[in-house]
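Open the model in your viewer and follow the stops below. Each one says what to select and what is there.

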Amino acid sequence: NIDFQSVGPTLVQSGSITSAGGNINITEALQINAPFTVSTGAGAGNISLSTIDTAGTPVALTLEAGTGDITIGNVGASITPSTFTISSANNVTTQQIFTTDTISITANNINLNGPVSTLNNVLLAGNTNLTSDVTADLGFQQTTGNIQLAGIGNTTITSNGAGSEGIVLQNVDGNESLTLLSTGGLTFGNVGATTALAQFNA
């Protein structure tokens, strides 16, 4: 296992933190100023991170946990990263995510427990619990899994993209209201097939 503890924000110059299946725990805030990767490999190692910001110019952040879990606090709370990618995990739990470029999350189960906003695309692959609003300036695409509305009573997904870069959903459930705002296309599968929505606006 790899554990980092400090009394203040930790400045990461560049590179990566990797383990061969062991857990990686970083309890203090991280500031990154070059593309940065945290990986436990293809095994069952977990990743636990606190707040992550960039130290200046937005740069890319990539997390990989194989069959392990990822728990992360706020991403881009003050200075946002560019791309934010989770390439593999079993369960992912996040708070707010703000980026200037694409947000891409691939996992069996995704728990988004705060607002999500990007100047580019949001790409989700996995069953997703959505508890807050999502704003994607280009497009919101859920390629696999279902979305469960589980939080604020009225969830809004906004896409300002054109054409295929609109909103693409698979199945959506939850006893809440859902509003889809898109200047591009709208594509969705079953809405309320398991649990009826309180209201659906598109």
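Buried means under 20% relative accessible area, exposed over 50%, and partly exposed in between, with a 1.4 Å probe and protein chains only. This is a predicted model: local features need pLDDT of at least 70, side-chain atom pairs count only at pLDDT 80 or more, and totals for chains, interfaces and linings use all residues. Residues are numbered from 1 along each chain as its sequence is written, and side-chain values use heavy atoms, with hydrogens and water left out.

**The fold**

Switch to cartoon. The chain has 25 strands and 0 helices; these are DSSP runs numbered from the N terminus, with strands (E) of at least two residues and helices (H or I) of at least four. The radius of gyration is 17 Å, close to the 17 Å of the globule rule for 202 residues, so the chain is as compact as a globular protein of that length. That radius is taken over C-alpha atoms, and the rule is 2.2 Å times the number of residues to the power 0.38. Along its principal axes the C-alpha trace spans about 45 × 35 × 25 Å.

**The core**

Select Leu63, Phe84, Ile105, Phe140, Ile157 and Leu169. Of the 44 residues in the largest nonpolar core, these touch the most other members. Such a core is a set of buried Ala, Val, Leu, Ile, Met, Phe, Trp, Tyr and Cys residues joined through side-chain atoms within 4.5 Å. Strand S14 (residues 103-112) gives the largest share of this core, 5 residues.

Now centre on Ile105. Leaving out residues up to four places away in sequence, Ile105 touches Phe84, Ile86, Val92, Ile97, Ile110, Leu112, Leu123, Leu124 and Ala125. Contact means heavy atoms within 4.5 Å.

**A loop residue**

Next, Leu119. Look in the loop between strand S15 (116-118) and strand S16 (121-130). Is Leu119 buried or exposed? At 53% relative accessibility, Leu119 counts as exposed. Leu119 touches Thr99, Thr100, Asp137 and Leu138, again not counting residues up to four places away in sequence.

**Last stop**

Go to Leu186 in strand S24 (residues 186-187). Leu186 counts as partly exposed, at 36% relative accessibility.
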